[in-house]
Amino acid sequence: MKLTMVIADDEPIVLKSEEIFLKKEFPDIEIIGIAENGVQLKQMLERLKPDMAMVDIHMPGLSGIEVIELLRHKNCATHFIINTAYSDFDYVKKALDLKTDGYLLKPSKREEKLEVINRLCDTIEQEKQKNLRKSGLESALSVVNSVLGSEILMSVFAENRDVEGFEAYCKINNITFTGGCIATFLLKTKKDISKRRLNGELETCLRGLCEFLVTVTSRGVVVMFFVPGEIERERRRDWCVELAQLVASHMEAQLGTPCLFGIGRVYDSFPEMGNSYQDSVKELQAGRKQESMLPVPENADKIQAYVD
């Protein structure tokens, strides 16, 4: 696995020596930056985001310790090896406090340098593998959630609610359900808009505001809002209306088409979400009688055809 490194030292001969050593002993490490002072080092680290950096302590502008401290506050993921002629306890303690990955004293022995750098390479490779696995799991969970969530919401339109699937969804995503409602959105456009685009816009709009389930068509969206437990009961429907208004405004701004919506009442249990859906459709039809494309809510087959 190819790793990247930045080297920083105010002595050109040390920089050249370290560069030659690394290229000879670690062909899988690519040196992507060489800095002669602390300011250059900080700029390189922020721009290049290397896997690791070998830095001197005393440099013009900013010390190596100061640069590390500044970037730690910015959640910098780079790993650091201190390479210095100073063995003062205060420097060592500061390096330990900043969780650096190695402390080499110049002139360091070849074996010592090999050990520190090899150990760091192993650590970084393990982190990368872990992140890849985590990313893969998150991606798979996202796909599962999308499919499972759509199927669960589809059951709202039928007589038999998928309570077992809903409970499994909540358990997988560590959600405590305290109440919810259905919002039905209708885009006033004759052009088809991809389900991927609509799903993406909903995710962008609602991320961090609440949990939700969604079923998308090319012309409309049915969303189940999970009402957070901290919302007072008398405020719950107003909260849902405000959220639906936010979604409608976002859709109009991003898709360039007006978005009509109806909101159902808030219910405490999933089996009652069918009632909330019917409420939402009736409210939408009452507000926009000229819109005749919505199905009669009692007809489950037509509802499923609509959302498909």
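## Basis and overall make-up

The model is predicted: local features need pLDDT of at least 70, side-chain atom pairs count only at pLDDT 80 or more, and totals for chains, interfaces and linings use all residues. Residues are numbered from 1 along each chain as its sequence is written, and side-chain values use heavy atoms, with hydrogens and water left out.

The protein chain has ten helices and nine strands. Both are DSSP runs numbered from the N terminus: helices are H or I with at least four residues, strands are E with at least two. Of the 308 residues in the protein chain, 46% are buried. Buried means under 20% relative accessible area, exposed means over 50%, and partly exposed lies in between (1.4 Å probe, protein chains only). Contact means heavy atoms within 4.5 Å. Take the contacts in the protein chain between residues at least 6 apart in sequence: 65% of them join residues at least 24 apart.

## Nonpolar cores

A nonpolar core is a set of buried Ala, Val, Leu, Ile, Met, Phe, Trp, Tyr and Cys residues joined through side-chain atoms within 4.5 Å. The largest one holds 29 residues. Phe185, Val223 and Phe225 have the most contacts inside it. At least two residues of this core come from each of strand 6 (180–187), helix 7 (195–206), strand 7 (212–216), strand 8 (220–226), helix 8 (236–255) and strand 9 (259–263). Helix 8 gives the most, with eight residues.

Beyond its neighbours within four places in sequence, Phe225 is in contact with Gly179, Gly180, Cys181, Ala183, Phe185, Leu206, Cys210, Glu211, Cys240, Leu243 and Ala244. Another core lies apart from the largest one. This core has 21 residues, among them Cys170, Leu213, Phe226 and Val281.

## Helix 7 against helix 8

Helix 7 and helix 8 pack at an angle of about 130°, with their axes 10 Å apart. That makes helix 7 oblique to helix 8. Axes are lines fitted to C-alpha atoms, for helices over the stretch in contact, and angles run from 0 to 180 degrees between N-to-C directions. Angles under 35 degrees count as roughly parallel, over 145 as roughly antiparallel, 65 to 115 as roughly perpendicular and the rest as oblique.

Helix 7 passes helix 8 in a right-handed crossing. A crossing is right-handed if the near helix is turned clockwise from the far one by less than a right angle, and left-handed if anticlockwise. Helix 7 contributes Arg197, Leu198, Glu201, Leu202, Thr204, Cys205 and Leu206 to the contact. Helix 8 brings Leu243, Leu246, Val247, His250, Met251, Gln254 and Leu255. By class, the contact has nine nonpolar, three polar and two charged residues. Here Ala, Val, Leu, Ile, Met, Phe, Trp, Tyr, Cys and Pro count as nonpolar, Asp, Glu, Lys and Arg as charged, and the others, Gly among them, as polar.

## Helix 2 against helix 3

Helix 2 (residues 38–48) and helix 3 (residues 64–72) pack at about 30°, with axes 9 Å apart. The two are therefore roughly parallel. Helix 2 passes helix 3 in a right-handed crossing.

On the helix 2 side are Gly38, Leu41, Lys42, Leu45 and Glu46. They meet Val67, Leu70 and Leu71 in helix 3. Five of the contact residues are nonpolar, one is polar and two are charged.

Thr257 is found in the loop between helix 8 and strand 9. Its relative accessible area is 2%, so Thr257 is buried. Leaving out residues up to four places away in sequence, Thr257 touches Leu187, Lys188, Thr189, Met251 and Glu252. Lys188 is 69 residues away along the chain, yet the two C-alpha atoms are separated by 6.2 Å.

Trp239 is in helix 8. At 14% relative accessibility, Trp239 counts as buried. Its contacts, not counting residues up to four places away in sequence, are Leu209, Cys210, Phe226, Val227, Pro228 and Ile231. The C-alpha atoms of Trp239 and Val227 are separated by 8.2 Å.

## Backbone features in loops

The peptide bond from Lys106 to Pro107 is cis, with omega near -10°. Pro107 is found in the loop between strand 5 (102–105) and helix 5 (110–156).

Lys49 is not a glycine but has a positive phi of about 50°. Its loop runs between helix 2 and strand 3 (52–55). Lys49 counts as exposed, at 62% relative accessibility. Asn75, also not a glycine, has a positive phi of about 60°. Asn75 is in the loop between helix 3 and strand 4 (79–84). At 70% relative accessibility, Asn75 counts as exposed.
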